[in-house]
Amino acid sequence: QPLDTADLLQQPETKKKVKPGDFILVFKNNAIIETVCKKNNWKLLNPSAELADTVESKVSQVTWLHELAKFLPPHTTTACAKVQWQHKNFVLQFNHSHTGSGTFLIDSRKKLAALQEKFPNRLVRIMDYINGPVFTNNNVVWNNHVLIGNISYQITGLAPFTHNTFTTIGNDWALPYTLLNDKQVKQYNHIVNAVGEKLQKGGWKGLFGIDVIADKKTGTVYLLEINARQPASATFESQLQQFSTLSFPQQRESGHQTNRFLTKSGMTGKTTVFEAHLAALLNLPPKNYTLIKINNGAQIVQRVTSKTSKLSTVKIKNPAIIQTIKYKNTNLNADLLRIQLKYGIMKGHTIFNTLGKTIATSIC
């Protein structure tokens with residue numbers, strides 16, 4: 001069975017290869033990992049696990065944000081049993097969740113009662129339900145600088161990849177510049193800067209992610225999540241950044257419009273998000289580095305559902321596919337197959353383009 005990070009670090013093979021004084025960098029830090037690294041005299045580069053948990057957890061995040069909680073949709077925190085049905089839809093979140101598994105759309109008294117019966121004393125955050133597309137980006141706190149990353153449309157809850165409405169299943173770096181206007185991008189960047197500066201003052205270094213939702217009616221951009229860790233999309237984004245000099249020829253071939261947020265030269269960046277992440281954790285001087293801009297590419301994940309527990313591959317060969325990654329997971333909603341592509345796969349909010357439809361019908 002696949003082992004988690006803490007288990008991997010405690011394997012005899014690991015201890016033979018990693019010597020005292022060596023650096024350790026993990027995807028997401030926790031107290032167990034900190035204890036293992038300290039016991040073996042390994043230099044853990046990640047920021048404090050306590051800070052990461054406080055910032056990322058849904059209930060404690062509200063208190064940590066303090067004055068910045070104004071960026072969230074109208075919200076409150078309380079015990080699950082005390083939540084009242086007000087005859088309108090709202091979102092209920094448990095303090096800890098992963099890829100949407102702890103987030104619920106409450107659209108009936110019956111659905112609320114079921115959660116209250118099962119978890120009466122569990123603290124929850126409830127928020128007004130905002131209808132609109134969700135976006136995410138990967139950012140880096142590098143000394144006293146906040147480097148703002150590329151915005152991607154967050155593909156969420158689409159069949160056949162998942163049966164969970166709030167489960168994240170991928171990213172599309174081409175679509176945001178069709179859906180977002182200049183004012184909304186400015187709002188997004190303002191939120192990122194404010195959160196990044198607060199993280200920096202708290203001792204944070206390296207990558208963090210910001211998820212927002214754009215209200216379909218008003219256009220207002222609201223903060224949804226803070227990912228106090230290396231977001232899962234950062235690795236592939238860095239790969240896209242590495243061959244971003246090809247993005248404009250690819251873009252013309254695939255018919256995507258030019259990203260109006262890039263400069264006329266087409267390239268403003270000097271480093272990938274992962275390179276900046278490492279540099280920040282190693283306390284290297286930031287100089288005048290910016291993150292490489294991209295405006296194309298996508299990835300989508302088939303998750304384990306009742307119908308896809310034995311899924312193994314994509315039954316087509318398409319030049320747009322960079323790579324496919326298989327997983328041996330069997331738990332419901334876990335990653336089963338990741339498909340990474342050169343081009344975007346979304347035509348609009350919740351709507352696949354031709355390439356997206358081809359991928360959706362070709363997994364087996």
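Q: Which residues of helix 11 are buried in this model?
A: The model is predicted. An α-helix has 3.6 residues a turn, so residues three or four places apart point the same way. Helix 11 covers residues 273–281, and its buried residues are Val273, Ala276, His277, Ala279, Ala280 and Leu281.

Q: Which residue with a positive phi follows helix 11?
A: Asn283 follows the helix, with a phi near 60 degrees.

Q: How many salt bridges does the structure hold?
A: Side chains of opposite charge can pair when their charged atoms come close. The structure holds six salt bridges. One of them joins Lys28 to Glu56, with 3.9 Å between the closest N and O atoms. Lys28 belongs to the loop between strand 1 (23–24) and helix 3 (31–39), while Glu56 belongs to helix 4 (residues 49–56), so this pair ties together parts that are 28 residues apart in sequence.

Q: Are Lys28 and Glu56 buried or partly exposed?
A: Lys28 is partly exposed, because its relative accessibility is 40%. Glu56 has a relative accessibility of 9% and therefore counts as buried.

Q: Which residues are linked with Glu56 in a network of salt bridges?
A: The network links Lys28, Glu56 and Arg229. In the bridge between Arg229 and Glu56, the closest N and O atoms are 2.8 Å apart. Arg229 is in the loop between strand 12 (221–227) and helix 9, and Glu56 is in helix 4, so the pair ties together parts that are 173 residues apart in sequence. Arg229 and Glu56 are both buried.
A further salt bridge pairs Asp107 with Lys111, at 3.3 Å from N to O. Asp107 has a relative accessibility of 37%, so Asp107 counts as partly exposed. Lys111, with a relative accessible area of 37%, is also partly exposed.

Q: How many aromatic pairs are there?
A: A pair of aromatic rings is described by the distance of the centres and the angle of the planes. The structure holds seven aromatic pairs. In one of them, the ring centres of Phe94 and Phe104 are 5.7 Å apart and the planes stand at 80 degrees, so the pair is edge-to-face. Phe94 is in strand 4 (residues 90–94) and Phe104 in strand 5 (residues 103–106), so the pair ties together parts that are ten residues apart in sequence. Phe94 is buried at 5% relative accessible area, and Phe104 is partly exposed at 26%.
Trp142 and Tyr289 make a stacked pair, 5.6 Å from centre to centre with 10 degrees between the planes. Trp142 sits in strand 7 and Tyr289 in the loop between helix 11 and strand 13 (298–303), so this pair ties together parts that are 147 residues apart in sequence.

Q: Which rings form a cluster with Phe94, and which residue lies over the face of Phe94?
A: Ring pairs link Phe94 with Phe104 and Phe119. Arg122 lies over the face of Phe94, 4.9 Å from the ring centre. Elsewhere, the charged end of Lys198 sits over the ring of Trp64, 5.4 Å from its centre.

Q: How many disulfides does a search of the whole structure find?
A: A disulfide is a covalent bond between the sulfur atoms of two cysteines. The search finds zero disulfides. Cys37 is buried at 1% relative accessibility, and Cys80 is buried at 0%.

Q: What is the average pLDDT of the protein chain, and where is the pLDDT below 50?
A: The average is 89, and 90% of the residues score at least 70. The pLDDT is below 50 over residues 247–269, a stretch with 47 contacts in the model beyond near neighbours in sequence. Where pLDDT is low, the predicted coordinates should not be read in detail.

Definitions and conventions:
Residues are numbered from 1 along each chain as its sequence is written. Side-chain values use heavy atoms; hydrogens and water are left out. A disulfide is a pair of cysteine sulfur atoms within 2.5 Å. Buried means under 20% relative accessible area, exposed over 50%, partly exposed in between (1.4 Å probe, protein chains only). pLDDT is the predictor's confidence in each residue, from 0 to 100. Contact means heavy atoms within 4.5 Å. Helices (H or I, at least four residues) and strands (E, at least two) are DSSP runs, numbered from the N terminus. A salt bridge is a side-chain nitrogen of Lys or Arg within 4 Å of a carboxyl oxygen of Asp or Glu. Rings of Phe, Tyr and Trp (its six-membered ring) pair if their centres lie within 6.5 Å; planes under 30 degrees apart count as stacked, over 60 as edge-to-face and the rest as tilted. A charge sits over a ring if NZ of Lys or CZ of Arg is within 6 Å of the ring centre and within 35 degrees of the ring normal.
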